[in-house]
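I opened this entry to record what I looked up in the structure. The notes follow the order in which I consulted it.

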Amino acid sequence: MTEAERTSAGIALEDLTGIRQRVRLCRPQRVAIHSWAFARLAAFITYKAKRAGVPLVQVEPAYTSRECAECHHIDTRNRVDRARFVCRSCGVVAHADRNASRNLAVRGEAAWNAGRESRVPATP
Ligand SMILES: [Zn+2]
């Protein structure tokens, strides 16, 4: 959270469904925990983000691990194994978590911008 404040970065939180959930920062830092702990962590992060004025958005996690962050090609075979991501379309090779984090960051930013645009009243 301190890192997010310092870099004025936002935090994208994955949807709260599934057995295991992950919280990802825009940087390749990741915490993987079980769902019983995730709800508490999500509440804590939301509280801290609000207090610190750090933007927090929830994004749809679907396909983040299968989508290429470079060309946005989606294929289950892109995810070679737990660690490796190799795009079947453009051939980019990346760490699987790094690739997924980039997708999540892009979606978080899009959701944040969409929300801000819908809330900000039109200037006369
Ligand atoms: Zn690609």
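I began with Cys-87, which counts as buried because its relative accessibility is 4%. I took buried to mean under 20% relative accessible area, exposed over 50%, and partly exposed in between, with a 1.4 Å probe and protein chains only. Cys-68 is also recorded here as buried, at 0%. The model is predicted: local features need pLDDT of at least 70, side-chain atom pairs count only at pLDDT 80 or more, and totals for chains, interfaces and linings use all residues. Residues are numbered from 1 along each chain as its sequence is written, and side-chain values use heavy atoms, with hydrogens and water left out.

**Zinc site**

Which residues coordinate the zinc ion? I found the SG atoms of Cys-68, Cys-71, Cys-87 and Cys-90, at 2.3 Å. Donors are N, O and S atoms within 2.8 Å of the metal (3.2 Å for Na, K and Ca); water is not among the atoms, so sites may look incomplete. I noted the sequence spacing of the donor residues as C-x2-C-x15-C-x2-C. The pair Cys-71 and Cys-90 links distant parts of the chain, 19 residues apart. Cys-71 lies in the loop between β4 (56-59) and β5 (84-86), and Cys-90 in the loop between β5 and β6 (93-95). Cys-71 is partly exposed, with a relative accessible area of 33%, and Cys-90 is partly exposed at 42%.

I then looked up the geometry. The arrangement is tetrahedral because the 4 donor atoms subtend angles of 107 to 113 degrees at the zinc ion. Four donors count as tetrahedral if all angles lie between 85 and 135 degrees. The ideal angle for four tetrahedral donors is 109.5 degrees.

I also looked up disulfides, taken as pairs of cysteine sulfur atoms within 2.5 Å. The count by this rule is 0.

**His-72**

His-72 is found in the loop between β4 and β5. Its phi is positive, about 65 degrees, although His-72 is not a glycine. Most residues other than glycine have a negative phi. I recorded His-72 as partly exposed, with a relative accessible area of 43%.

**Fold and surface**

I noted 3 helices and 6 strands in the protein chain, running α-β-β-β-α-β-β-β-α from the N terminus. Helices (H or I, at least four residues) and strands (E, at least two) are DSSP runs, numbered from the N terminus. Of the 124 residues in the protein chain, 27% are buried. The protein chain exposes about 8100 Å², and carbon and sulfur atoms supply 54% of it; the areas come from the Shrake-Rupley method with a 1.4 Å probe.

**Ala-111**

Ala-111 is placed in helix α3 (residues 96-119) and is partly exposed, at 31% relative accessible area. Leaving aside neighbours within four places in sequence, Ala-111 is in contact with Val-57 and Val-59, where contact means heavy atoms within 4.5 Å.

**Confidence**

The mean pLDDT of the protein chain is 73, and 62% of its residues reach 70 or more; pLDDT is the predictor's confidence in each residue, from 0 to 100. Confidence is lowest in strand β2 (residues 20-24), at a mean of 45, and highest in β5, at 95. Over residues 16-33 the pLDDT is below 50, and this stretch has 50 contacts in the model beyond near neighbours in sequence. Where pLDDT is low, the predicted coordinates should not be read in detail.

How values were computed:
Four donors count as tetrahedral if all angles lie between 85 and 135 degrees; four count as square planar and six as octahedral if opposite donors are over 155 degrees apart and all others between 65 and 115; anything else is irregular.
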